[in-house]
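Work through the exercises below with the sequence and the model side by side. Try each task before reading its solution.

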Amino acid sequence: MAQEKKKYTLEEIDALKAWFDQQKLPESMQITSSGFSPDLKETVAHLFEQAHDSYENPKMTGSIRILEIIKNNLEKNDI
């Protein structure tokens, strides 16, 4: 049985954005074993643009999931 994709609300996106706005982001980050951002602030800004444009489409939630991974990395490393 296929797993149902999560559909995000604008309120969830805005809450995530508010969290990021309170953080001091490092210049770069190894996001996953295969994903690196040399300019994390720019990456996060672009991901939020895409998230706002496509949050209602469960097939287009990759940007939101990447933002959650970045958030988890920051919390895990206490950055």
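Two strands pair if DSSP finds at least two bridges between them. Helices (H or I, at least four residues) and strands (E, at least two) are DSSP runs, numbered from the N terminus. This is a predicted model: local features need pLDDT of at least 70, side-chain atom pairs count only at pLDDT 80 or more, and totals for chains, interfaces and linings use all residues. Residues are numbered from 1 along each chain as its sequence is written, and side-chain values use heavy atoms, with hydrogens and water left out.

**Exercise 1. The strands**

Find the sense in which strand β1 and strand β2 pair, and the number of bridges.

Solution. Start with the ranges: β1 covers residues 29–32 and β2 covers residues 35–37. The two pair in the antiparallel sense over 3 bridges. Next, take M29: the residue opposite is S37 in β2. Finally, look at the link: a hairpin of 2 residues joins β1 to β2.

**Exercise 2. The whole chain**

Solution. Count the elements: the protein has 3 helices and 2 strands. The C-alpha atoms fill a box of roughly 35 × 25 × 20 Å along the principal axes.

**Exercise 3. W19 and its partners**

Which residues does W19 touch, not counting those up to four places away in sequence?

Solution. Locate W19 in helix α1, residues 10–21. Apply the contact cut-off, heavy atoms within 4.5 Å. W19 then touches K71, L74 and E75. For the protein, 61% of contacts between residues at least 6 apart in sequence join residues at least 24 apart.

**Exercise 4. S63**

Is S63 buried or exposed?

Solution. Use the classes: buried is under 20% relative accessible area, exposed over 50%, partly exposed in between (1.4 Å probe, protein chains only). S63 has 3% relative accessibility and therefore counts as buried. Its place is helix α3, residues 62–76. Neighbours within four places aside, S63 contacts L47, Q50 and A51. Buried residues make up 29% of the 79 in the protein.
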